[in-house]
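Here are my notes for you to read next to the model. Keep the structure open while you go through the points.

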Amino acid sequence: MSEVMRVVKRLWAFLRREPLDDDLEDELAAHLQFAIDDNIARGMSPAEARRIALISIGGMDQARYKHREARGFMTLDIFKQDFKFTLRTLWHDPSFTVVAVLILALAIGANIAVFSVVNTLLLRPLPFPNAQQLVWIAPPPSKCGMSCATYSTDAYDEFRAASRSYQDVTGYFAFSGSDNLSLNLGSAPTPATSIDVIQNFFQVLGVQAQMGRVFTPEDARNGAAPVILLSNAWWKRQFNADPNIVGKAFDMNGRQTTVIGVLPASFDFGAVFAPGTKVDAVTPLNLYGPPRDWGNIITFIGRMKPGVTLSQAVDEAARVAPKMCWNNKHPETCGDYKGGVVPVPLKDYIGGKLRRSLIVLWSAVGAILLIACVNLSNLLLARAAARAKEFAMRGALGASRGRIVRQLLTESLVLSGMGAIFGFMLAAVLVEWLAHQGAIALPLLSTLHMDGAALGWTVLIAFFSAMIFGVVPGLRMAGGNVYESLKDAGPGASASRKHERIRSVLVVSEVALACMLLVGAGLLLRSFMNVLKVDLGFEPDHAAAIKVAYDDSVPNDKDGSLSAQKRGVIFQQIQNRVSALPGVEAAGFTDYLPLGQNRSWGLPYPKGLKPPQGLDGPLVYVITPGYMRAMGTPIRGRDFVWSDGPKSEAVVMINRSYAQYLSNLGAWSDKDALNKPLGSGGGPDLHIVGIVDDVHEENVDGDAGWQIYYPATQANPSGAELVVRTRMNPASLAGAVLATLREMDPKQPANEFRPIRLLVSHAVSGRQFFMLLVVSFAGLGLLLAALGIYGVISYSVTRQTQEIGIRMALGASAGHVRGRILTSTLRLAFIGVAIGVGASLAGAKLIAVLLFGTSPWDLITYGSMALLLLIIAALSGYIPAFRASRISPTVALRTN
Amino acid sequence: MSPEKLDLLQGTLDLMVLQTLIVMGSMHGYGIARRIEQVSADEVLLNQGTIYASLVRLEQRGWISSNWGTSDNNRRAKFYSITSAGKRQLAADARYWERLKEVMERVLAMDKSAEGADA
């Protein structure tokens, strides 16, 4: 009890030291006076009385020291003292302080920013309650795109009814494109993007509406009044954050649609499920309306019951899958999903693909931090050497070795603390900027923010780096012998050799780390350039696309042929008008653009052969004549023509890979698919009129899969993207194209005229993002390494001024002096590069999966990066070498 | 009498201060120090200054209290007096020292015959 009280009082005493000190002074003064009085009373002279009194007190300073030791916390007092002293010394050496803090701020800032990204994507749970219960249910990855990652409505019903592992299962319609919603507020229609979800979507995710309500089963019934949920961002942007929006109805896609709620800002559909796209609104998906017969359209997301493990859910899904039917009316499709229903944690689905990239990124910033620490170590060593005499003096005056190490460590802590403060601010700016990079196709980016974890991480790495860069100089200084230090004051003295060796080791490790960073960055950069060189199967430059609204509905159209005819007429008219615009070379429609969404419709197979089970069908695109030319995709055979109508022979075009596969089945003697018929499982035979280049439909850095193209006059497209090829900058056409469309259909929304190049940039934005980050970190590492080399060499030149002077006096030429210094610089750099290259070769496996068309042991990258480092090293050594060669012997010999 | 003075064992000074205060009542630091020197007949090595570390320790534990007052010869000084918690502590400490003293006496009185008797 009394001890607790004492600790509190000691703390209190530490905080209000001054009044207590004053008190003690008064007390000691009184004590002295009593003693003097007594001594005088005993007959001493006043001077003698005072002397004896002081002796019996045993030293005023000792009395004060002991009192303070008992009263407060000496450790804290010392820290405070050291802290003040550190601030004073740093203040008096601003250039050192600024450089040191800057280096640390950059390194720590980069670390915190990357930590925040890693934390958001890998460490932190998804922004949903009990997010660990959420699973993404899909087949193992395959190459037929979204169609193979989705299920039919019949399959959904069966899975939901037969599974016991879930609280509920939901999903969304995976095939709605951007700008699929046309909001008509009186003037020109405004385009927006909405997504259809199963009505229980928000209950499963655990998301509440910020205003109003989320969907109920009634909203998704046949004949239900159209309702819509607004995203927070769209509500603010389009509706000026109208607080009374709930209950209002607007003309959307021609139907009065009631706003039933506004979603919270924390829920961003795009950020979680469709990285890099913005989703403005959510609408309920009617499972029992037309989508019933659309085939595989729904993604599955389940929320497992508490206590259910993932492996239980996986086992159960494997048992349920064979019972699921693609279409209950076609029993032969039951079992199609066998082996294709696998739950994975939703978090892994969203962030899993990035795990390796993030680990590489994290290692890169870790290396940056180490390089910064080595640099700081070097700077501190140089400083400590310059202060050796000061420390020796303090040691001689009675400061213990521990006290001096503490002083140095305090300095390190103060430096890293300041670096951490600036680093944190830097990271906050970076993170804020990143969170608004909507165009980067990385999930959860918009949910990036600095949080307590980032702050904790900052404190941790600040402390950690202070220890790393403070300990070596600290021990080095304290280990020194007082006498040696006092003696070793002259330049070129041999005792400093040990010093130099430590510094050389530091430089070598710095160069090695920078070398590893550079090699990694070089490999990623080369991969990225290879990705850009990929033949996409189309020409992304000088073309752009715009989503076009059209109405092809025809009353009493039994088999869809009337609406196909009407569609053909609309499309042909639009194409003719747009093609007539000045500068337009070609125009054509497709329902899906490459590198976007896709779907498949089963597997057309050579007539007479039975299609094998479990083979994924080609991706389907419904296009018009001229589309291929507009995209710049070469055709062998013929393009579709407008006369390929609903009544004429069914025609298709297929891509080369698919054609090759079909040709090798043995059905056709000439092994050429061109002009051959395909059976399509019930429908009319499909006549292959053209074979086109493989188009990268899913991603740039993967293999192109199989594609099949149907004419829009024979098959029903799920939308219309007008692609326009021009000789000019496509953006300059935007106004004219939109005006033409408006003229023909006033209901055409002001959709964005998107350059095709943008689709490609978007598809490679994730790779580009990582590449840019790693390259900039490598640049930073290179800069720090150069600084380190420069620091060490120029320091050693300064120390050798006298020696150099003597050499030059004895006849050494300036060139000789330069050469000697450059040689020693390059020797260090060589050792560093050798170690770095060795370590990179050993660690290349880590980065291998992130590369594209580049070997992890790519000779050119290794060679050029090693060369770059050596050149930079030579340059940073050349400046001090040049200075050394200008030393005048007479001046040099006079120094000291 | 040996020429060397006795070093104070850890904690003994605190006990001496408490005992001085309980016997003499309220006293200032110099008075306490002098009193201890007198009682010990100048046998202990007491740097008078160290008394202040002891005083602050005791006060922080709540065993003594202090306030500024005026001495007989009209000088301002800080006067210390023992608290009731301090009295309890003193009683406990004194008992401890009694026991330790007895044990030490027995140990030091040990001789060969005792060893032989045990054997």
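1. First, a term: a nonpolar core is a set of buried Ala, Val, Leu, Ile, Met, Phe, Trp, Tyr and Cys residues joined through C-beta atoms within 7 Å. Buried means that 20 or more other C-beta atoms lie within 10 Å of a residue's own, with C-beta atoms placed from the backbone.

2. A caution: this is a predicted model, where local features need pLDDT of at least 70 and side-chain atom pairs pLDDT 80 or more, while totals for chains, interfaces and linings use all residues. Residues are numbered from 1 along each chain as its sequence is written, and chains are lettered from A and ligands numbered from 1 in the order in which they are written.

3. The largest nonpolar core has 240 residues, and I368(A), V511(A), C515(A), L722(A), V724(A) and L869(A) touch the most other members. Another core, of 28 residues, lies apart from it and includes L28(A) and I64(B).

4. Now look at chain B, where three strands form an open antiparallel sheet in the order β1-β3-β2. Strands pair if DSSP finds at least two bridges between them. Because β1 (27–28) and β2 (64–70) of chain B each have a single partner strand, one side of each is left without a neighbour in the sheet. Two bridges join β1(B) to β3(B), and H28(B) has F79(B) as its bridge partner.

Key. Buried ≥ 20, exposed ≤ 12 C-beta atoms within 10 Å, placed from the backbone. Helix = DSSP H or I, 4+ residues; strand = E, 2+ residues; numbered from the N terminus.
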